[in-house]
Amino acid sequence: MTTPTLALQNLTLPELEERLIALGEPKYRAGQVMRWLYEKRAESYEKMTDLPAALRALFVAEFPFVRLENVRVLGSKDTTQKFLFRLPDGALIESVLIPASPALYGDASDRRTICMSTQVGCAYGCKFCASGLDGFARNLSAAEIAGQFMEVERLSGERINNIVFMGMGEPLANFPNLMKAITIINSEWGIGLGARHITISTSGLAPQIRQLAEQPKQIRLAISLHGATDAVREQIMPVNKKYPIAALVDACEYYTTKKKQRITFEYILIKGVNDDTSHAADLARIVKHVGAKVNCIPYNHVEGLTWERPDESRQDAFMSVLERSNCIATIRREKGHDIAAACGQLRRQTMQK
Ligand code: SAH
Ligand code: SF4
């Protein structure tokens, strides 16, 4: 049987044209297929009624049609909604729909943001994160990544206009499939969402950040920093051993200069670990050095882990230091805490049942 990576939904328009020509079909059929997939959002090959029946039958026989099976939805229309999907091999992934997120982006826009996963599990084992607790299973294919967008639009009835790759997995460790998915999402023949509405969050893979800087698209970049010195960051994120802060900051500066873009540092506030005002001063130095902005996030407790969020007065003291240092800094006052919004938590709850 053909593996999911050979699904037609993993192909770009030029690749599909090539594939169809090899099958003896005219090139324009590729455009027809793309319209069925991304404009009309057909849910099977059988629905593609303007294709010759023999071609549809060939597709059914040769190429698996990637669909995400929705197993649970948590939350309601006005709040954060969480979607759990089962993939054909039984793997579970999750996506989150966030209605409007001025706290996250510092504006009052009507952004409807989807937070998408890029891998099943995660190999990086950050000490605060639910996604890494069960290790890494596999990369998502491009079709499984882009499929989350279309399936969440279908299930919610919403038009989504912003994507953050902040779900399960390390996006830059699945670089080729992520780039393919972004091409599908970004292209006119695909979903048609502008690159400026797409943010990749990374735990700090310095070489891949540089590689991303070489891409022509203006994709936004967020870095999970969480510690502003190696001593602090190493306790939170093992990846810091491989790419210490100096190497990470260099790569961030490269991205910023190359793209003429302000990047975002994410900084979870964890009680007694990284939430001291002296830590804020260390953070401010990095933020200003890179010309970045910083988004602070009070830690969401994860079952099975010991860390907690600091109380509000401590959060405020931390933010004051950033503000006094003239950093562009926001703090995310929770959305969806009650429905296990931090990445990987819903999947774990479901697996443990
Ligand atoms: N692997 C990528 C993408 C995952 S998003 C990365 O590490 O950047 C990871 C982000 O989700 C973190 O930076 C943090 O902003 C958020 N997050 C994950 N677990 C959290 C938790 N328990 N509480 C608060 N935020 C959390
Ligand atoms: Fe993986 Fe990101 Fe979670 Fe770290 S924070 S374990 S890199 S998903």
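*Solution.* The chain exposes about 15100 Å², an area from the Shrake-Rupley method with a 1.4 Å probe. Carbon and sulfur atoms supply 52% of that area.

Some ground rules before we go on. This is a predicted model, in which local features need pLDDT of at least 70 and side-chain atom pairs count only at pLDDT 80 or more, while totals for chains, interfaces and linings use all residues. Residues are numbered from 1 along each chain as its sequence is written, and side-chain values use heavy atoms, with hydrogens and water left out.

**Exercise 1.** Describe the fold content and the overall dimensions of the protein chain.

*Solution.* 
- Step 1: count the elements. There are 13 helices and 12 strands, taken as DSSP runs (H or I, at least four residues, for helices; E, at least two, for strands).
- Step 2: check the radius of gyration, taken over C-alpha atoms. Its value is 21 Å, close to the 20 Å that the globule rule gives for 353 residues, so the chain is as compact as a globular protein of that length. The rule is 2.2 Å times the number of residues to the power 0.38.
- Step 3: Along its principal axes, the C-alpha trace spans about 70 × 45 × 35 Å.
- Step 4: look at burial. Of the 353 residues, 55% count as buried, where buried means under 20% relative accessible area, exposed over 50%, and partly exposed in between (1.4 Å probe, protein chains only).

**Exercise 2.** Find the salt bridge partner of Glu43 and say which parts of the chain the pair ties together.

*Solution.* 
- Step 1: apply the criterion, a side-chain nitrogen of Lys or Arg within 4 Å of a carboxyl oxygen of Asp or Glu. The partner is Arg67, with the closest N and O atoms 3.4 Å apart.
- Step 2: Glu43 sits in the loop between α2 (28–39) and α3 (53–62), and Arg67 in the loop between α3 and β1 (69–74), so the pair ties together parts that are 24 residues apart in sequence.
- Step 3: check accessibility. Glu43 is partly exposed at 30%, and Arg67 is partly exposed at 30%.

**Exercise 3.** Do likewise for Arg138 and Asp89.

*Solution.* 
- Step 1: their side chains meet in a salt bridge at 2.6 Å, N to O.
- Step 2: Arg138 belongs to strand β6 (residues 136–139) and Asp89 to the loop between β2 (81–86) and β3 (92–98), so this pair ties together parts that are 49 residues apart in sequence.
- Step 3: Arg138 is partly exposed, with a relative accessible area of 23%.

Technical notes
Chains are lettered from A and ligands numbered from 1 in the order in which they are written.
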